[in-house]
Every structure is written in structure tokens, then in C-alpha cells.
Amino acid sequence: MPILALDNVSKSFGALTVADKVSFALESGEALGIIGPNGAGKSTLFNLITGNIRVDAGSVTFDGADVTRQPPMARCLAGVGRTFQIPQPFEKLTVFENLLVAATFGARKRESEVSDDCALILAETGLLSRANQPAGGLSLLQRKRLELARALATQPKVLLLDEIAGGLTEAECHQLVETIQAIHRRGASIIWIEHVLNALNSVVGRLLVLNFGKVIGIGRPDEIMASQAVREIYLGIEV
Amino acid sequence: MMWLDTIVQGILLGGLYALFAAGLSLVFGIMRLVNLAHGDLIVLAAFLILVLVTALGLNPFVAALVAMPAMFALGFALQYLVLNRTLGPDILPPLLVTFGLSIVIQNALLERFSADSRRVSAGALETASLQFGPINIGTMPLLTFLSAIAVIIGLNLVFYRTSLGRAFRATSDDRVTAGLMGIRPDRIFAIATGLAMVVVTIAALYLGTRANFDPTIGPARLIYAFEAVIIGGLGSFWGTLAGGIIIGVAQTAGASINPEWQILAGHIAFLLVLLARPRGLFPRAVD
């Protein structure tokens, strides 16, 4: 049974259709990449999955339950974890406090139960030395790592990564990919929106291509990259 | 030693103003909500304490303890059912709604209690005093000041040492992201207003036992509270105490020169601080 399934999900803002009958399923433990030109509706798709935007039509099923009408808080508790393309840490809280908030409220646990886990997550994401600094003072890479760490602290079943490698140097990107690969190996299901294709393809098993809110292809990365439609629509614009 | 006495009395009066202001500061700091009915809520709590004291014969301090959970529930419900609906990018709706609420509370109290001045009797404590060297300090003003310090320490502990406090700060930082972390912002806001109403009850205890009150004096208390919060720097609790003390000292100093100058001197001090430090004494780093 898939952990997450979208069935004919549609969303329009006025005349602009940002999701057009999108259907796909994510198997438990799978890593799926989403690509598409800017404005294709990739981040909107995440907002529809987290519940920050309500669908106009269609349904979202998570872990066997229909969550289409549930608010973001409930979906977070059910196990949807998300990072933002533009990192949005709680700037006035310290890095460790950012994680504590996510762990105590996002996984409904006591502070004493989660502080060890939070420290482990900080170590894994390379933020341990920054633990007691206000998150507002972090660099871009550190902010991206904090996004990842905070999403992990909510103990997600599915991790939604939104262009987490964007804007990083190659070395930084490589480190981050290794962290994500380690998380994936432990069994986390991942959906990753990314323009940095070599980073993406080193983690995901399937690619989904989105254009003007429509799924125009889903399959193995090599098949997708070779398909005519993707070359025209996606790579044609990129090159 | 007149001037020393004036300053000490002013500092103690500042404790009362800080109590008026702490709840306002709490609510503003977390949800950027300016509650124009804050002064009337203090008066409402004072009447609640009065009723408990006269009807049940309770000691005013016990009556305040009994009133606290009731006021918490009132604050929670008010925020959850009414004020949460007004929060948004536009700052006008909360101002209009709390202004209306102020009128409703005043008139409801007038209807029930008439316009007579009331006072909660604290018995022998009212006139008790302690001698510190050359200065005579009233026991009630001293208790007021110590309560203000206790409230501010307590609020700081909740804010910076508890999971609830982290949720307050996280929600204040970014409401949408807080929702994604499993926080329910509407409920966090309701708890914050409930907590503010507990502080309001403590302020009401000292308002009611130290001076006469009637249903219409709320807005005047609100002005002192506002000035204390703004002088202190929005959202800083210790700043709020400092702001209260500055207004208190200015008022007693003004009154020692000429009794007519008491209120004016407080407002002038407020304007002078704003001229020198437009963002208050202890502004938060980013706002």
C-alpha cells in the first residue's frame, strides 16, 4: 500500500491552473524526484500535500487515511514533514529550540524524551556546533540543514524536500546529498523537488515531471531524461 | 530625604503600572494584537474580586486566586472564539473589535454595578507600613511591586524555559511554519490571552484594594499600560517593568512639585523617552 497517494488533485488560482488532475502514489520507503520548469506548480504540490493550500478537487491519502480536509497541523502529526525552498527557521529561537519545538509539538512528545533525539539529528545534519545560536544568524547552507533537521525532528513518515540543494556550492551539495542518502537508507520515504539533477538522481528511484500543473511523465530517471516530451518541455528551456 | 522618598514611592507605583502593562505586553509580543479593552478587563476582574469578597466573605488575596482560573477561561474563550478571527495582515479589525469590547464591558458593568465608586477592603493591610531607615513604605505598595517582579520573572520563565514558551515564540515568529511543526496557532494564542488574563487578575487585586474604581476607569489604566509597554520596548517584559517605573517616578515627582502635575508629568516622561529612544529602552532585535 502506498504511503502517500494523490488522486486527480486539481487547484486553480483564478484562471491560473497550478495543479491539473495530478495523480501519483509514493510507495513506503521510496524516493521520488519532481522536476519541471519554474512555475510548473512543484511547490504548490507540496502545499497541497501539507494542507497549506486546500485542493479544489481530488483527494490526498496519507498512510491509508483520507487527509484531504485536514489542516496542516494534523498532517504534520500524521507524519508529513516538509522543508521550504526559502528556509524559514524560527529566527529568534536557537537552533536547538527550533528542533525542540518541532519534536515536542510535531511528534507530541515530552521534552525529556526528545532532547537526545534532537541532539542526534543536529549531529547528523552537521549543526551540533551551532546548537545554541539564534537561527536568524545562520548561513544559507546551515539554514537549509536546519530545515532538514527540523523536518526530521517531527519524525516524518514522508519527507518533502523543496529545492534543498539550490544555491549551494558543489561541495556543500555533496555533503547534503550524503545526509539525505543516509536518511533514505534508514527507510524514510522522500519526495524531492530539485533543479540540481545529478544530486537528485543520486538519491531517487523515480522521477515525476510537472509542467503547467500537469504530470507529463513519471518513471525511471534514465527513461524520463530520454523521453521526447521532457527534452522539449524541460531540458529545452534549461539549455 | 524628601526626594528619596518620592523616588521610592514612584518605583513602587511603577510596579502597579507594570502589572497593568504585563498582560498587554504578553499579548502584543506574541500575536501583534493591541487589546484596547485591556483596561476594562482589569476593571472587570476587580469587580469579580469585589463580588467574591463581599458575597463569600473571602480575603481579597484568596478571592484573586479564585478569580484567576475564571479569568483564564474568559481570556481563552475570548481569543479562541472572537479575537483569532480578527488577526490578519490588516491591523484595523482587532482594534475595532477590542474597542467595541471595551464599550460592552463598561456598559455591562454600569448596568450591573452602577456608576458608584467601589473599593475592595484589604483590612489592616491597607494602612500597614514598614520602616526602612528614613523611609516609610506602605505594605500594599511593596506587595504590589514584589508581585510585579514575580509576574515578570514568571512570564520570562514560561517564555524561555518551557515548551509552551517556545511555542509562543515560534508562533510569534512564523505562524504558518509553526502549523507545519504540529503547533495549533489558534490554541497557542488562546492560551496566551488566558495567561494575560491571569496577570490582569493580579493587577486588578491591587487596583481594587489600593484605590477606588468604577466601571469607566479602564481606559485611563490602559493609557498607563500602553506607555509602560512602549517605553520598555515592545515585547520585552523587563522593559515593561522599567517603563512602569519611569512613569511611576515621573508621576510622584510631578505630584511632589504640584499635585496637579502628577498625570502630566507621567505623559511628559513618556514623550521624552520616545524622543530619545523611539523604539523604547529594550527593543527586540528584529520586529
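This is a predicted model: local features need pLDDT of at least 70, side-chain atom pairs count only at pLDDT 80 or more; totals for chains, interfaces and linings use all residues.
**Figure 1. Overall make-up of chain A.**
Chain A holds nine helices and 10 strands. Its C-alpha atoms occupy a box of roughly 50 × 40 × 35 Å along the principal axes. A compact globule of 239 residues would have a radius of gyration near 18 Å, and the 17 Å found for chain A therefore agrees with that expectation.

**Figure 2. Overall make-up of chain B.**
Chain B has 11 helices and two strands. For 287 residues, a compact globule would have a radius of gyration near 19 Å; chain B has 19 Å, so the value agrees.

**Figure 3. The two domains of chain A.**
The domain assignment divides chain A into domain 1, made of residues 1–79, 158–167 and 189–239, and domain 2, made of residues 85–155. Taken over C-alpha atoms, the centres of domain 1 and domain 2 of chain A are 25 Å apart. Where the two domains of chain A touch, nine residues of domain 1 are in contact with nine residues of domain 2. On the side of domain 1 of chain A, the elements giving two or more residues are α2 and β7 (158–162) of chain A. The residues on that side comprise four nonpolar, three polar and two charged.

Four strands of chain A form an open sheet with antiparallel pairing, in the order β2-β1-β4-β5. Strands β2 (16–27) and β5 (65–66) of chain A lie at the edges with a single partner strand each, so one side of each has no neighbour in the sheet. Within the sheet, β1 (residues 2–13) and β4 (residues 57–62) of chain A run antiparallel and are joined by five bridges. Leu6(A) has Val60(A) in β4(A) as its bridge partner. Helix α1 (residues 42–50) of chain A lies across β1, β2 and β4 of chain A. The helix runs at about 65° to β2(A).

Strand β7(A) runs parallel to β8 (residues 189–193) of chain A, and five bridges join the two. In this pair, Leu160(A) stands opposite Ile191(A) in β8(A).

**Figure 4. The contact between chains A and B.**
Chain A brings 22 residues to the contact and chain B brings 16 residues. On the chain A side, α2 (72–78) and α3 of chain A are the elements that give two or more residues. Helix α3(A) gives the most to this side, with seven residues. By class, the chain A side of the contact has 10 nonpolar, six polar and six charged residues.

**Figure 5. Packing of α3(A) against α6(B).**
Which helix of chain B packs with helix α3 of chain A? Helix α3 (residues 95–106) of chain A packs with helix α6 (residues 163–173) of chain B at an angle of about 110°, and their axes are 10 Å apart. Angles of 65 to 115 degrees count as roughly perpendicular, and α3(A) and α6(B) are therefore roughly perpendicular to each other. From α3(A), the residues that take part are Glu97(A), Leu100(A), Val101(A), Thr104(A) and Phe105(A). They meet Ser163(B), Arg166(B), Ala167(B) and Ala170(B) in α6(B). The residues of this helix contact comprise five nonpolar, two polar and two charged.

Notes:
Residues are numbered from 1 along each chain as its sequence is written. Chains are lettered from A and ligands numbered from 1 in the order in which they are written. Axes are lines fitted to C-alpha atoms, for helices over the stretch in contact, and angles run from 0 to 180 degrees between N-to-C directions. Angles under 35 degrees count as roughly parallel, over 145 as roughly antiparallel, 65 to 115 as roughly perpendicular and the rest as oblique. Two residues are in contact if their C-beta atoms, placed from the backbone, lie within 7 Å. Ala, Val, Leu, Ile, Met, Phe, Trp, Tyr, Cys and Pro count as nonpolar, Asp, Glu, Lys and Arg as charged, and the others, Gly among them, as polar. Domain bounds come from an automatic or database domain assignment. Two strands pair if DSSP finds at least two bridges between them. The radius of gyration is taken over C-alpha atoms; the globule rule is 2.2 Å times the number of residues to the power 0.38.
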